[in-house]
Amino acid sequence: EKGDIVIEDRKYECKYRSDGFKELCDWFEKAQEAGCKGLIFKVKGRKKDLIILDVDDYLNLLEECKLHRNAVITPRNTES
């Protein structure tokens, strides 16, 4: 299925693949097994980095930001 999702007034494109994104999913699973919350991709030639998070972790992060409106998220304060 294809469609848009809106979370906290932010619009996201939803992509579905029956065969998945195997390599990407494998990397994500390995990161989770190592205790990581997500993946950050730095790709040569791209202006911005990409991040992949579990949907529940992303929603929890949004909720925490709402609770702490002035909070600044950095690698130092995102650890559980």
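Mentor: Let's start with a definition: rings of Phe, Tyr and Trp (its six-membered ring) pair if their centres lie within 6.5 Å, and planes under 30 degrees apart count as stacked, over 60 as edge-to-face and the rest as tilted. This is a predicted model, where local features need pLDDT of at least 70 and side-chain atom pairs count only at pLDDT 80 or more, while totals for chains, interfaces and linings use all residues. Residues are numbered from 1 along each chain as its sequence is written, and side-chain values use heavy atoms, leaving out hydrogens and water.

Trainee: How many aromatic pairs does the structure hold?

Mentor: Two.

Trainee: Why is the pair of Tyr12 and Tyr58 called edge-to-face?

Mentor: The ring centres of Tyr12 and Tyr58 are 5.8 Å apart, within 6.5 Å, and their planes stand at 80°, over 60, so the pair is edge-to-face. Tyr12 belongs to strand β2 (residues 10–14) and Tyr58 to helix α2 (residues 55–67), 46 residues apart.

Trainee: What makes Tyr58 count as buried?

Mentor: Buried means under 20% relative accessible area, exposed over 50%, and partly exposed in between (1.4 Å probe, protein chains only). Tyr58 has 19%, so Tyr58 is buried. Tyr12, at 28%, is partly exposed.

Trainee: Why is Trp27 called partly exposed?

Mentor: Trp27 has 41% relative accessibility, which falls between 20% and 50%, so Trp27 is partly exposed.

Terms used: Helix = DSSP H or I, 4+ residues; strand = E, 2+ residues; numbered from the N terminus.
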